[in-house]
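Reader: Could you take me through this structure? I have not seen it before.

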Amino acid sequence: MKLSRKLRVVLVHGAGGGSWEWDLWRPSFSESKFSFHPIELVPKNGCYEETTLDDYVDQVVQCSNPSGSDDPVEAIIGASMGGLIAALAYERVRPKSLVLICSCLPPEIPAYSNSLVVSPLFPPIPPSLCAAPPRPAVVRWANGDYADTEACLPDADEATRRRAHGLWRDESGAALT
């Protein structure tokens with residue numbers, strides 16, 4: 001008798017967040033045919049100043065193809081900046097599916113231009129609007145003002161905002177640029 005296995009899915013959080021962002025979905029995950037792997041992106045050498053977007057992409061690629069595993073990743077799901085990281089990792093991993101949640105991708109991302117179905121309700125954003133302002137080496141979000149969390153999560157309930165406020169982390173300015 002062949003044992004059925006769950007299909008592997010990697011979940012990528014957004015900037016300043018963590019794998020905790022997927023906790024709300026855990027009950028649904030456990031009831032599905034998928035094995036979900038929320039990755040905790042970590043700064044290179046513990047230092048946000050040294051961390052680039054490529055460092056995060058490498059982490060997603062490694063999580064998607066763990067050494068010694070014959071269990072290929074079925075999908076990569078990314079939220080916010082995690083969507084950009086997921087799209088860049090997609091080019092190296094080539095899972096069957098790529099899912100982006102609240103992500104804005106520049107048109108030069110190959111996965112965006114070649115593989116994705118883009119809704120006619122949400123056309124691609126022109127390159128001129130994708131330009132990022134200069135950022136400091138580290139964007140300080142940990143222990144920030146609660147009003148900033150309220151502004152970032154306007155549709156969330158109070159309990160969710162309070163939880164997120166205590167879990168935000170700083171982020172690499174280079175990864176955000």
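Predicted model: local features only at pLDDT ≥ 70, side-chain atom pairs only at ≥ 80, totals over all residues.

Reader: Thank you. How many helices and strands does the protein have?

Author: There are eight helices and six strands. Helices (H or I, at least four residues) and strands (E, at least two) are DSSP runs, numbered from the N terminus. Along the sequence they follow the pattern β-α-β-α-β-α-β-α-α-β-α-α-β-α.

Reader: And what share of the residues counts as buried?

Author: Of the 177 residues, 39% count as buried. Buried means under 20% relative accessible area, exposed over 50%, and partly exposed in between (1.4 Å probe, protein chains only). The protein exposes about 10,500 Å², and carbon and sulfur atoms supply 57% of that area. Accessible areas come from the Shrake-Rupley method with a 1.4 Å probe; for residues, only the protein chains shown count as cover.

Reader: Let us turn to α3. Is this helix mostly covered or mostly open?

Author: Helix α3 is mostly covered, with 10 of its 13 residues buried. Among them are Met81, Leu84, Ile85, Tyr90 and Val93. Just after α3, Arg94 takes a positive phi of about 55°.

Reader: What does Gly82 touch?

Author: Gly82 lies in helix α3 and counts as buried because its relative accessibility is 0%. Not counting residues up to four places away in sequence, Gly82 touches Val12, His13 and Gly14. The C-alpha atoms of Gly82 and Leu100, 18 residues apart along the chain, are separated by 8.1 Å.

Reader: Which residues touch the most other members of the largest nonpolar core?

Author: They are Val12, Leu41, Tyr56, Val60, Ile76, Met81 and Ile85, in a core of 28 residues. A nonpolar core is a set of buried Ala, Val, Leu, Ile, Met, Phe, Trp, Tyr and Cys residues joined through side-chain atoms within 4.5 Å. The elements that each supply at least two residues of this core are β1 (7–12), α2 (53–64), β3 (73–79), α3, β5 (138–139) and α8 (173–176). Helix α3 gives the most, with eight residues. A second, separate core of seven residues includes Val9, Trp22, Ile77 and Ala79.

Reader: You mentioned α2. Why is it described as largely enclosed?

Author: Nine of the 12 residues of α2 are buried, so the helix is largely enclosed by the rest of the structure. What covers these buried residues includes β1, β2 (34–39), β3, α3, β6 (171–172) and α8. Leaving aside neighbours within four places in sequence, Tyr56 is in contact with residues including Leu41, Met81, Ile85 and Ala175.

Reader: Is Gln59 buried or exposed?

Author: Gln59, in helix α2, is buried, with a relative accessible area of 17%. Leaving aside neighbours within four places in sequence, Gln59 is in contact with Ile39, Glu40, Leu41 and Val42.

Reader: New topic: how many aromatic pairs are there?

Author: A search of the whole structure finds three aromatic pairs. The rings of Phe29 and Phe36 have their centres 3.8 Å apart and their planes at 20°, so this pair is stacked. Rings of Phe, Tyr and Trp (its six-membered ring) pair if their centres lie within 6.5 Å; planes under 30 degrees apart count as stacked, over 60 as edge-to-face and the rest as tilted. Phe29, Phe34 and Phe36 form one aromatic cluster.

Reader: Lastly, what is Glu74 in contact with?

Author: Glu74, in strand β3, is in contact with Leu7, Arg8, Phe34, Pro95, Lys96 and Ser97, leaving aside neighbours within four places in sequence. Glu74 counts as buried because its relative accessibility is 17%.

Notes. Residues numbered from 1 in each chain as written. Heavy atoms only, no water. Contact = heavy atoms within 4.5 Å.
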